[in-house]
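Hi,

Here is the structure I said I would pass on.

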Amino acid sequence: MNALTGLLSQIPPAPAYTVLAAAIIAESVLLVGTIFPTLALMLTAGALARTGSMNLFCVIAVAAGAVVIGDALGH
């Protein structure tokens, strides 16, 4: 988890939100969650929001939107 936090914290906030959305959509559509668990990525984004690197409301909005888009694409 520390390696993931370090990796995500080195990315500027705007691309970090894009990485979060892409990972969640990929898990929903392609079932990539077995290889790369997005729960760890979302927990890391929440931890970075606590430190001030990311905005918590943006993390929640991006994650919720990505889940809806991923579910729509999966059907």
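First, the ground rules. This is a predicted model, so local features need pLDDT of at least 70 and side-chain atom pairs count only at pLDDT 80 or more, while totals for chains, interfaces and linings use all residues. Residues are numbered from 1 along each chain as its sequence is written, and side-chain values use heavy atoms, with hydrogens and water left out.

**Overall**

The protein chain has 4 helices and 0 strands, giving the pattern α-α-α-α along the sequence. Helices and strands here are DSSP runs numbered from the N terminus (H or I, at least four residues, for helices; E, at least two, for strands). Of the 75 residues, 25% count as buried; buried means under 20% relative accessible area, exposed over 50%, and partly exposed in between, with a 1.4 Å probe and protein chains only. The chain exposes about 4700 Å², and carbon and sulfur atoms supply 73% of that (Shrake-Rupley method, 1.4 Å probe; for residues, only the protein chains shown count as cover). Among contacts between residues at least 6 apart in sequence, 67% join residues at least 24 apart, where contact means heavy atoms within 4.5 Å.

**α2 against α4**

Two packed helices are described by the angle between their axes and the distance between the axes. For α2 (residues 13-30) and α4 (residues 56-74), the angle is about 30° and the axes are 8 Å apart. Axes are lines fitted to C-alpha atoms, for helices over the stretch in contact, and angles run from 0 to 180 degrees between N-to-C directions. The two helices are therefore roughly parallel (under 35 degrees; over 145 is roughly antiparallel, 65 to 115 roughly perpendicular, and the rest oblique).

On the α2 side the contact residues include Tyr17, Leu20, Ile24 and Val29, and on the α4 side they include Val59, Val62, Ala66 and Leu73. By class, this contact has 14 nonpolar, 3 polar and 1 charged residues. The classes are Ala, Val, Leu, Ile, Met, Phe, Trp, Tyr, Cys and Pro as nonpolar, Asp, Glu, Lys and Arg as charged, and the others, Gly among them, as polar.

**α2 against α3**

Here the angle is about 155°, with the axes 10 Å apart. That makes α2 roughly antiparallel to α3, and the crossing is left-handed. Val19, Leu20, Ala23, Ile24 and Glu27 in α2 meet Thr38, Leu41, Met42 and Ala45 in α3. Those residues divide into 7 nonpolar, 1 polar and 1 charged.

**Single residues**

Thr38 lies in α3, which spans residues 38-51. Thr38 counts as buried at 4% relative accessibility, and touches Ala23, Ile24 and Glu27, leaving aside residues up to four places away in sequence.

Ala22, in α2, is partly exposed at 45% relative accessible area. Ala22 sits 40 residues from Val62 in sequence, and their C-alpha atoms are 9.8 Å apart.

Ile60, in α4, is partly exposed too, at 49%.

Cheers

Key. A crossing is left-handed if the near helix is turned anticlockwise from the far one by less than a right angle, and right-handed if clockwise.
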